[in-house]
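Dear colleague,

Please read the notes alongside the coordinates.

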Amino acid sequence: MSSAPPPDWVLARRRAVGDRIREHRRARKLSQEKLAELAGMDRQAINRIEQGHQAVLLDNLIQIVEALGISLGDLD
């Protein structure tokens, strides 16, 4: 059974969350590699999330915001 792609509004929100992660990362002068290290992830995953190319798992999102020192609400 194939899964349909998410609706456009979901993809737009995914990109918006990625943009906010990038903004917070840059404001803290962190590279993708350093954020990945702090969040216990790999740099490619951070890149895909920031670009909106990957749906992020809630656990990973929690690790990212913790590494950035922000709350989930700061991504909205």
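Helix α1 (residues 8-27) packs on helix α4 (residues 58-68) at an angle of about 25°, and their axes lie 10 Å apart; helices here are DSSP runs of H or I, at least four residues long, numbered from the N terminus, while axes are lines fitted to C-alpha atoms over the stretch in contact, with angles running from 0 to 180 degrees between N-to-C directions. That angle makes α1 roughly parallel to α4 (under 35 degrees). The crossing of α1 and α4 is left-handed, the near helix being turned anticlockwise from the far one by less than a right angle. On the α1 side the contact (heavy atoms within 4.5 Å) is made by Val17, Ile21, His24 and Arg25, and on the α4 side by Leu61, Ile64 and Leu68. By class, these residues are five nonpolar, one polar and one charged.

This is a predicted model, in which local features need pLDDT of at least 70 and side-chain atom pairs count only at pLDDT 80 or more, whereas totals for chains, interfaces and linings use all residues. Residues are numbered from 1 along each chain as its sequence is written, and side-chain values use heavy atoms, with hydrogens and water left out.

Helix α2 (residues 32-39) also meets α4, their axes coming within 8 Å and crossing at roughly 110°, and α2 and α4 are therefore roughly perpendicular to each other (65 to 115 degrees). Here the crossing is right-handed. Leu35, Leu38 and Ala39 of α2 meet Gln63, Ile64, Ala67 and Leu68 of α4.

Key: Helices (H or I, at least four residues) and strands (E, at least two) are DSSP runs, numbered from the N terminus. Angles under 35 degrees count as roughly parallel, over 145 as roughly antiparallel, 65 to 115 as roughly perpendicular and the rest as oblique. Ala, Val, Leu, Ile, Met, Phe, Trp, Tyr, Cys and Pro count as nonpolar, Asp, Glu, Lys and Arg as charged, and the others, Gly among them, as polar.
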